[in-house]
Amino acid sequence: MVGCPAVTAAIRKICHVDLDAFYASVEQRDDPALRGRPVAVGGSRERGVVAAASYEARRFGVRSAMPSLQAVRLCPDLVFVKPRFEVYRTISRQIRDIYESYTPLVEPLSLDEAYLDVTENRKGMPYASQVAAAIRAEILAETGLTASAGVSYNKFLAKLASDHRKPNGQFVITPAMGPDFVAGLAVARFHGVGPATAAKMQALGIRTGADLRACSLAFLQQHFGKAGAHFHAIAQAVDERPVRPDRPRKSSGSETTYAQDLRDPAQVEDGIRALAAEVWAWCDTHRWSGRTVTLKLRYADFRTLTRSRTRAAAIAGQNDLTAIAIDLARGLFPLAKPVRLLGVTISTADDQAQPALDFEGGDASLGHPPPGAEGSSDPEGPAAPPAGG
């Protein structure tokens, strides 16, 4: 049947686990006065950008990457809290230990989300849904935080499934369900389809997974280049990417498209601080660094500039990374136009990669794309999935 997963190999059992509103939830956990209140991590009421929003704030339309002034207009009672990335890193390591007690096949995407291949698991549990439930219960018991999980036979569907019952829930997409589940979704909800790509698809009459499935591979490659093959596969609910716990790393980057364009250099600098903190948090967790820092800036008219600087020695820490990225940005001030996207990447000198392609939603987003579709250079997708949720 069209769209069914291949039966030439055993069906994989893939989990995607995502901490719910991670940064904001940590702040609410540690400060009882914040519980039940709309909380924004990052920025301030006067300037800057939101790095993460609690679910109470999201009900008012507050989202990560939103300028603080816009967030306050939407939610006048919004409470701003400074991020504590060292705390978030410590909790992330604790949760990674939980994952690895179930399977060695853990692929972190950011501090708060990861793929796990539990086809074989260390607890001998027969069902992946049992593994996901046990992991979520253990995270709650050890950290006081809730997590959502998606379970399916590939990474693409597991990620979609984890969003389906947020917060504090889980959902399973079986092989029999996969093709119909994808067919019924708007393409804008596909992880890896950014805003510009979604708009381009809609202009071509592609609004749902079913519309995408009806397109030939040649048509998609003609209009979307190398990403066309990825779109053709996921439209059939097919994703053969393995969970890769130890893939070689040459770069690590984060970028964000802002809900409202940044007009103030101070907002740009605050955005860079949040991105650099996210990138370094990943580098620190994985004990990795590089020598080249790349800043990406996209104006409202979609004109994109990149600036890079290579050091003789590896970047020494978060402050070093932040200082270089901000210095690169200051070379572009005063701003020629409002800014819609910022990105920061650290890379080895022989691999001055562009930052992970943009996306919307979640906490200030870390894209650490593995080889293949998640790192495509198509205009705004496919991108690595967002952090948080």
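1. Let's start with the packing of α4 against α12. In this predicted model, helix α4 (residues 85–100) and helix α12 (residues 265–286) have axes that come within 10 Å and cross at roughly 40 degrees. That angle makes α4 oblique to α12, since anything under 35 degrees would count as roughly parallel. As for handedness, the crossing of α4 past α12 is right-handed.

2. Who does the touching here? On the α4 side, the contact uses Phe85, Arg89, Arg93 and Arg96. From α12 come Ala274, Ala277, Glu278, Trp280, Ala281, Asp284, Thr285 and His286.

3. Four strands form an open sheet in the order β9-β12-β10-β11, and the pairing is antiparallel. Which strands sit at the edges? They are β9 (251–262) and β11 (304–310), each of which pairs on one side only. Ignoring direction, neighbouring strands in this sheet are turned against each other by 10 degrees on average.

4. A closer look at one pair: strand β10 (residues 292–299) runs antiparallel to β11, and seven bridges join the two.

Key. Residues numbered from 1 in each chain as written. Predicted model: local features only at pLDDT ≥ 70, side-chain atom pairs only at ≥ 80, totals over all residues. Heavy atoms only, no water. Axes fitted to C-alpha atoms, helices over the stretch in contact; angles between N-to-C directions. Parallel < 35°, antiparallel > 145°, perpendicular 65-115°, else oblique. Left-handed = near helix turned anticlockwise from the far one by under 90°. Contact = heavy atoms within 4.5 Å. Pairing = 2+ DSSP bridges.
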